[in-house]
Amino acid sequence: MRAEPVADTPYVDLGEGPLWEPGPQLLRWIGIPDRRVLTLEPSSGEIRSVELDVTPGTLMPYGDGELMLATERGFELFDPATGRTTLVAAVEADRPDRRMNDGKTDPYGRPVAGTMGRGEPREPGSLYRLEPDGGVRAILGGLDIPNGLAWPEPDRLWHIDTTTRRIALYAYPEHGPVVERIRSLDVSHLPGSPDGMTLDADGNLWVAFWDGWAVHCLSPGGVVLASVELPVPRVTSCAFGGADGRTLYITSARSDQHPLSGGLFSVRL
């Protein structure tokens, strides 16, 4: 299978965080250093973009139809009409050398996102969860570049640490930190490093590979079931969308030698 560029979508330096909103039938994604949130209405082809005053890491659904950004400041509510953000909870406010990266909303409706250093060498980052009372809790530490969260069951969490090339399944208690790693998948035979991911209805993992030119579908046991090739190397994340949920949208990052890099791609499955 091969993904194709989505017509007329803008190119960004580092595309991430694709999110399908089934109610309005919209796809949203972000440009991290671009400080932008982009919106695609597939039915009309209309594309909108709003600028932010903060560097985002990812975009998540929150509450009753609201949107939450994980940013360099912490967890912030986001108004897609204006681009305005409202800080809900600061994260590592005393660490300007860090920012929040990938994240998702957990099965209990709580935003979860990780922190990472901006330069080299990086000190270990952590996963943080926004609790219903507005407090922030660190739930998993010792991470280099936290990416790719997905819950196959409410009490299980898949998580990617990109530079270690580890895709790990953890026990995920409703309350308290993540403490037990159940198993890890070996992806050393695949080119590139695992980045963002999503799950399909059968519990298989669709993983974007940075410098890997592809999204690979892995069974929960790590068997490659399918691959989607892309015309760009730096594949960053993916999400299912479309009216029937069978379109895989894929984000990417710029690479100087590849004119389509930084674009949005899709493939029908």
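**Pockets and a hairpin**

Modeller: Keeping in mind that this is a predicted model, we can start with the largest pocket, which has 20 lining residues, and those nearest its centre are L19, P61, K104, T105 and T198.

Colleague: Which elements give two or more residues to that lining?

Modeller: Those elements are the strands β2 (15-21), β6 (56-62), β10 (98-105), β14 (146-153), β18 (193-199) and β22 (235-241), and β2 provides the largest share, with 4 residues.

Colleague: How much space lies in the largest pocket, and what classes of residue line it?

Modeller: The space in the largest pocket comes to about 530 Å³, and its lining is made up of 15 nonpolar, 2 polar and 3 charged residues.

Colleague: OK, and what about the second largest pocket, which residues line that?

Modeller: The second largest pocket holds about 210 Å³ of space, and its lining consists of L14, E16, I32, R99, N101, M116, I145, N147, T162, D195 and W210. Sorted by class, that lining has 5 nonpolar, 3 polar and 3 charged residues.

Colleague: Switching topic: do β12 and β13 pair in the parallel or antiparallel sense?

Modeller: Strand β12, residues 125-130, pairs with strand β13, residues 136-143, in the antiparallel sense, and 5 bridges join the two. Within this pairing, L127 has L140 of β13 standing opposite.

Colleague: And how many residues lie between those two strands?

Modeller: There are 5 residues between β12 and β13, which together form a hairpin, and in the turn G134 has a positive phi of about 90 degrees.

Note on methods
Residues numbered from 1 in each chain as written. Predicted model: local features only at pLDDT ≥ 70, side-chain atom pairs only at ≥ 80, totals over all residues. Heavy atoms only, no water. 1 Å grid on protein atoms, 1.4 Å probe; cavity = no way out; pocket = protein on both sides within 12 Å on 5 of 7 lines; lining within 4 Å. Points joined across faces, edges and corners; volume = space filled by probe spheres on them. Nonpolar A, V, L, I, M, F, W, Y, C, P; charged D, E, K, R; others polar. Pairing = 2+ DSSP bridges.
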